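This briefing sets out selected features of a structure for computational work. The sequence and coordinates come first, followed by notes grouped by topic.

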Amino acid sequence: MEKKTIIELKDISVAFGDQTVLQNLNLYIRDGEFVTLLGPSGCGKTTTLRIIAGFQEPDTGEVIFEDKCINGVPAHERQVNTIFQRYALFPHLNVYDNIAFGLRIRKMPEPEIKKKVEEMLELVDLKGFNRRSIDSLSGGQQQRIAIARALAVDPRVLLLDEPLGALDLKLRKDMQVELKAIQQRLGITFIYVTHDQEEALSMSDTIVVMDHGEIQHIGTPEDIYNEPANAFVADFIGESNILDGVMKKDFKIEFSGHVFDCVDKGFKENELVDVVIRPEDVDITSPDKGMISGIVTNVTFKGVHYEIIVDVKGFKWMIQTTDFAAAGDEIGLLIKPDEIHVMKKSKYSGLYGDYSSFSDEMDHISDAEEIIVETEVENEEQDL
Amino acid sequence: MKKRLSVKAKVYMVLIFILLYAPIFVLIFYSFNSSNSTSVFAGFSTRWYGELFSDLKTMAAFKNTLVLAVLSSVISTVLGTIAATGLHYSRTKWYKSSVMTVTNIPMMNPDIVTGISMMLLFVFIGMMLKLSGVLGFTTMLIAHITFELPYVILNILPRFKSMDKYLTEAACDLGCTPVQAFFKVTLPYIKAEILAAFIMAFTLSLDDFVISYFVSGPEFQTLPIRIYSMTKRRVTPDMYALSAIIFVAVFILLLLTNIAQDEDFRERLKKRRERRSKTA
Amino acid sequence: MKNRTYNGISAPYALWCVVFIVAPLAIVAYYAFTDKTGAFTWDNISGLSMYADTIARSVYFGIIATIICLIIAYPLAYCFAKTKVSTQKILVMLIMVPMWMNFLLRTYAIMVLFEDTGIINNILAAIGLPHIHIINTSGAVIFGMVYNYLPFMVLPLYTSMTKLDGKLIEAARDLGATGFQTLRDVMIPLTSAGIVSGITMVFVPSVSTFYISQKLGGGKYTLIGDVIEMQFQTAYNYNLGASISLLLMVFILFCLFVMNRFGDTEEGGVVA
């Protein structure tokens with residue numbers, strides 16, 4: 001059943017000074033959907049959310065809510081509510097008064113407010129917390145109160161700006177499940193912003209991958225993972241080996257000096273393309289049985305599998321396999337036709353996909369940097 | 001972790017405090033002297049207190065001081081709070097920085113320069129409008145508001161900086177107009193600083209002599225100006241009595257604010273209130 | 001809300017600043033460069049040379065008073081910071097009580113003590129010691145400044161010392177620094193913000209005072225403040241008074257500028 005569009009962004013562009021934040025963004029969001037805006041820091045996802053919420057006016061383009069243009073409608077008159085990054089609970093009010101805040105603004109009678117607050121506290125599993133002060137709550141509890149406060153006013157759309165960013169890993173996983181359950185139970189539209197691809201994959205109906213103010217790919221989690229639109233999306237979602245290839249003809253592709261069977265067609269003859277192969281889709285075998293072969297340069301035990309870096313003609317592959325191979329071994333690689341994904345060349349070609357400088361530590365460091373940069377960028381956005 | 005102070009350090013602290021308090025205590029002591037001499041203590045008496053309270057000019061000055069302090073501190077707190085809000089959210093850098101620079105001028109300038117500069121302004125305006133005797137209550141009020149405003153603003157602005165910038169957005173998100181958001185979220189957040197700023201402005205006004213001295217007229221005198229003219233002439237034991245009263249007043253006020261700011265005390269108060277609301 | 005709205009909210013205050021802070025200073029400058037008829041003149045500025053002695057004395061007294069305050073207050077603030085937190089609150093309150101008592105009364109109290117027939121001399125006479133002359137000396141004036149403004153030095157120093165991590169001093173001693181080296185290389189650089197603000201808060205009122213010198217100097221030690229007061233309250237030469245005020249203001253602002261630069265580089269040095 002096709003649900004109708006609730007929010008539409010038409011040709012939205014925003015610039016802060018001479019820095020372009022969003023460029024000709026077009027997006028439809030259907031009623032009742034769980035949509036995630038996913039991308040690295042500074043990709044414009046938070047700005048997109050703020051435009052929908054009404055905290056930011058686009059320079060050009062239209063925001064359409066149920067077929068009506070709502071450009072210029074101030075935030076307090078929009079039927080959307082936001083969960084802020086650090087919750088933004090009112091420190092001078094207790095739990096009850098925080099949740100009742102929006103209802104009191106709407107001049108709802110007190111007995112009804114009381115009923116609604118109780119209902120919300122039950123929804124977020126914090127019954128009996130009415131009189132607690134905000135600073136006596138843990139991060140996870142504050143998060144739940146923020147959700148209760150936003151949902152109390154019955155929004156049509158809930159906007160969530162990296163709501164789980166401040167929680168530790170275990171709590172984050174629990175909250176992911178819970179948020180998804182709440183969304184399904186209430187049936188309202190969630191627009192969720194995150195830079196965490198795992199979070200996006202496990203929660204969303206639709207993922208919008210963004211970079212540099214432009215949408216790179218819109219699709220279901222499976223689409224995005226299995227059929228990434230370009231090298232950026234392939235690299236950002238999960239691990240991937242991205243190689244230069246030549247489309248010989250339909251169903252035949254050459255890379256790493258070997259012509260493989262594949263399931264892709266519709267390219268020009270001998271067109272240069274990007275090839276994506278996920279690390280878990282490569283089987284290893286002895287060199288003579290493999291389609292291509294290489295030397296193992298690094299092996300890391302990951303619990304469920306080994307992570308092996310293999311040098312094939314100067315290109316470092318990452319392979320996740322349950323079979324052990326020692327560093328220095330020569331091994332053969334087997335790839336099935338439907339594990340090969342062919343993409344058109346884009347401006348991201350050649351930037352990602354080689355594991356020659358890979359190490360786990362590097363990955364962690366860059367993650368941490370990303371978070372720092374993210375907050376900085378957001379601060380700048382505020383200051384401008 | 002902290003080492004205990006040596007005896008030498010303790011003696012040093014005590015000596016400094018004796019030095020600070022001795023002159024004041026001597027005055028208080030002689031305020032109860034029945035004669036007006038400082039050489040002999042002729043006997044205990046509250047004579048000078050009686051004289052102080054029956055001095056109409058001093059009493060009028062006392063009343064004037066209070067009126068001026070209340071009015072100027074209320075106006076400067078309101079104006080300063082509004083200004084601090086506007087300045088905090090302003091994104092026009094040159095405007096913000098030039099206003100802040102000007103705000104700092106009265107704090108850095110010697111009081112005497114601030115005083116004569118305002119006096120010259122009033123005299124100048126009086127000259128232009130061909131008015132005589134412009135100096136009086138109004139000029140005092142303007143001057144007091146002017147030197148209190150920077151303290152109010154500099155007291156409140158830092159609190160804004162520590163405020164989660166999304167709080168007001170959250171209020172708007174839940175249906176508040178920006179004005180409602182200010183009264184329901186921003187104002188409660190900064191209310192302690194507003195109160196502190198008000199008390200500060202009030203005490204500055206009570207205490208000020210130098211600026212008031214230059215912008216006051218003959219018909220509106222404050223207590224410090226009265227003290228100045230009284231101490232100019234002769235030995236006046238009623239001023240000893242006044243010192244004693246002011247000392248006690250300052251002491252009690254500081255003690256009260258200290259208790260009010262004491263976190264343990266506030267914590268206990270809060271707990272008691274919570275307990276009461278639970279039983280209710 | 002739009003930025004313009006926020007600027008609009010602070011506009012009344014900005015207007016107030018222009019009318020009651022900027023305009024008065026402009027008028028001071030105007031008076032300083034005109035004569036009684038309103039014609040431009042350099043006379044008031046060149047007339048300042050008459051007061052060279054007064055100016056030199058004010059600066060000299062101000063510097064001496066500030067140095068004495070610093071020497072007394074630094075160890076005192078250190079002692080404060082080393083006591084228990086509850087004691088600290090009481091000590092800070094005790095130092096603030098005299099500060100909030102009107103400075104006229106404080107100065108007057110010292111005068112009562114110091115006078116030739118005052119309390120100190122009465123006590124000395126009572127126990128058979130010779131009479132000493134204190135009032136109307138430069139020492140009495142400087143004492144008055146120190147007595148009145150000492151709390152203004154103690155409080156900022158105390159604040160910066162409470163922020164100082166005690167382990168840093170232990171670390172310095174651990175690394176072999178002597179007490180003096182620790183003070184010079186660790187304590188003073190780390191409390192420079194407090195030192196700068198303390199010096200400012202003592203020096204500015206000391207240099208510009210007039211009541212203290214009148215009461216304790218007996219008119220023998222005229223300071224800049226006295227000259228300004230005289231021009232405005234008795235001599236009614238506003239133009240000359242304005243030129244002296246202008247000089248005082250420029251001098252103070254210059255000192256503050258230099259001090260702040262000094263404070264900044266000190267802190268920058270610590271970070272680097």
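**A buried lysine and its setting**

The model is a predicted one.

**Surroundings of A:Lys45**

- A:Lys45 belongs to helix H1 of chain A, which covers residues 45-53.
- When neighbours within four places in sequence are left aside, A:Lys45 is in contact with A:Leu37, A:Gly39, A:Val193 and A:Met210.
- A:Glu214 is 169 residues away from A:Lys45 in sequence, yet their C-alpha atoms are 9.5 Å apart in space.

**The six-strand sheet of chain A**

- Six strands of chain A form an open sheet in the order S6-S7-S8-S3-S9-S10, and the pairing is mixed.
- Strand S6 (80-83) and strand S10 (214-219) of chain A each have a single partner strand, so these edge strands are left without a neighbour in the sheet on one side.
- On average, neighbouring strands of this sheet are turned by 20° against each other, with direction ignored.
- Within chain A, strand S3 (residues 34-38) and strand S9 (residues 206-211) are paired in the parallel sense over four bridges.
- A:Thr36 has A:Ile207 of S9(A) opposite.

**Antiparallel pairing around strand S1 of chain A**

- Strand S1 (residues 5-16) and strand S2 (residues 19-30) of chain A are joined in the antiparallel sense by eight bridges.
- A:Thr5 has A:Arg30 in S2(A) as its bridge partner.
- S1(A) and S2(A) make a hairpin with two residues between them, and A:Gly17 in the turn has a positive phi of about 65°.
- S1(A) also pairs in the antiparallel sense with strand S4 (residues 60-65) of chain A, over five bridges.
- Opposite A:Glu8 stands A:Ile64 in S4(A).

**Overall form of chain A**

- Chain A contains nine helices and 20 strands.
- The C-alpha trace of chain A spans about 80 × 45 × 45 Å along its principal axes.
- Of the 384 residues in chain A, 39% are buried.
- Among contacts in chain A with a separation of 6 or more, 69% join residues 24 or more positions apart.
- Two domains are assigned in chain A: domain 1 (5-226) and domain 2 (240-353).
- The centres of domain 1 and domain 2 of chain A, taken over C-alpha atoms, are 39 Å apart.

- The buried residues of H11(B) include B:Pro237, B:Asp238, B:Met239 and B:Phe247.

**Contact between chains B and C**

- Two pairs of chains are in contact, and chains B and C share the most contacts.
- This contact draws 63 residues from chain B and 62 residues from chain C.
- Among the helices of chain B that each supply at least two residues to the side touching chain C are helix H1 (7-30), helix H3 (56-89) and helix H11 (237-261).
- H1(B) gives the most to that side, with 10 residues.
- The side of chain B that touches chain C is made up of 45 nonpolar, 14 polar and four charged residues.

**Contact between chains A and B**

- Chain B contributes 18 residues and chain A contributes 19 residues to this contact.
- Helix H7 (166-173), helix H8 (178-207) and helix H12 (263-279) of chain B each provide at least two residues of the side of chain B that touches chain A.
- H7(B) accounts for the largest share of that side, six residues.
- By class, the side of chain B that touches chain A has nine nonpolar, four polar and five charged residues.

**Chains A and C**

- No contact joins chain A and chain C, and their closest C-alpha atoms lie 9 Å apart.

Terms used
Residues are numbered from 1 along each chain as its sequence is written. Chains are lettered from A and ligands numbered from 1 in the order in which they are written. This is a predicted model: local features need pLDDT of at least 70, side-chain atom pairs count only at pLDDT 80 or more; totals for chains, interfaces and linings use all residues. Two residues are in contact if their C-beta atoms, placed from the backbone, lie within 7 Å. Ala, Val, Leu, Ile, Met, Phe, Trp, Tyr, Cys and Pro count as nonpolar, Asp, Glu, Lys and Arg as charged, and the others, Gly among them, as polar. A residue is buried if 20 or more other C-beta atoms lie within 10 Å of its own, exposed if 12 or fewer, and partly exposed in between; C-beta atoms are placed from the backbone. Two strands pair if DSSP finds at least two bridges between them. Axes are lines fitted to C-alpha atoms, for helices over the stretch in contact, and angles run from 0 to 180 degrees between N-to-C directions. Domain bounds come from an automatic or database domain assignment.
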